[in-house]
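Have the sequence and the 3D view ready as you read.

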Amino acid sequence: MARRLRPEGLDFVDIAPVRMVFARDVRAPVERVYRALADDVSGWSEWFTAVAAVQALDGGAGRDVRLRGGARFRETVLAAKPSELYAYRVDVANVPGMRALVEEWRLAPAGTGTRVRWTFATDGTAVFRGGARLARPGLGRSFREAVAALDRRLAG
């Protein structure tokens with residue numbers, strides 16, 4: 001059953017009870033990486049295997065996301081700064097115990113490529129927070145695999 005979550009702002013990525021940060025360099029320049037994140041949201045399922053489908057809503061101000069395994073999110077884009085930042089919060093989710101989630105993708109030049117940093121900031125019941133902390137290795141692996149696939153996609 002889908003539930004409305006707390007409408008956190010971008011500052012939540014710094015104060016969330018559960019906060020995970022992952023980073024990896026890719027060969028593509030920041031402009032191309034940003035376009036893949038913010039402008040080609042329907043393409044996420046082609047490089048992020050955890051994502052089954054993403055649909056832009058409200059002219060790009062929101063997203064409808066389905067993950068493999070059945071999780072569904074309705075999101076609001078909080079920040080879209082070309083070649084620098086793409087962030088969104090989850091407004092509605094069907095994940096038990098989740099109370100808030102904000103994800104931030106920061107991009108920075110790294111030589112001729114891009115440093116991609118993903119922050120996953122969340123809150124929920126004690127059981128949810130514990131489960132989220134235990135999921136850190138899996139989220140890290142998912143991020144590394146996704147960014148490697150994005151790198152291959154952008155290089156082709």
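The charged end of R63 sits over the ring of Y88, 4.2 Å from the ring centre. A charge counts as over a ring if NZ of Lys or CZ of Arg is within 6 Å of the ring centre and within 35 degrees of the ring normal. R63 also lies over the face of W44, at 4.5 Å from that ring's centre.

Before going on, please note that this is a predicted model, where local features need pLDDT of at least 70, side-chain atom pairs count only at pLDDT 80 or more, and totals for chains, interfaces and linings use all residues. Residues are numbered from 1 along each chain as its sequence is written, and side-chain values use heavy atoms, with hydrogens and water left out.

Now look at the rings themselves: the structure holds 15 aromatic pairs. Rings of Phe, Tyr and Trp (its six-membered ring) pair if their centres lie within 6.5 Å; planes under 30 degrees apart count as stacked, over 60 as edge-to-face and the rest as tilted. With centres 5.5 Å apart and planes at 85°, W44 and W105 are therefore an edge-to-face pair. Because W44 lies in helix α3 (residues 44-47) and W105 in strand β7 (residues 98-110), the pair ties together parts 61 residues apart in sequence. Helices (H or I, at least four residues) and strands (E, at least two) are DSSP runs, numbered from the N terminus.

W105 also forms a tilted pair with F143, 6.0 Å centre to centre and with 40° between the planes. Here, strand β7 is linked to helix α5 (residues 136-155), and the two residues are 38 apart.
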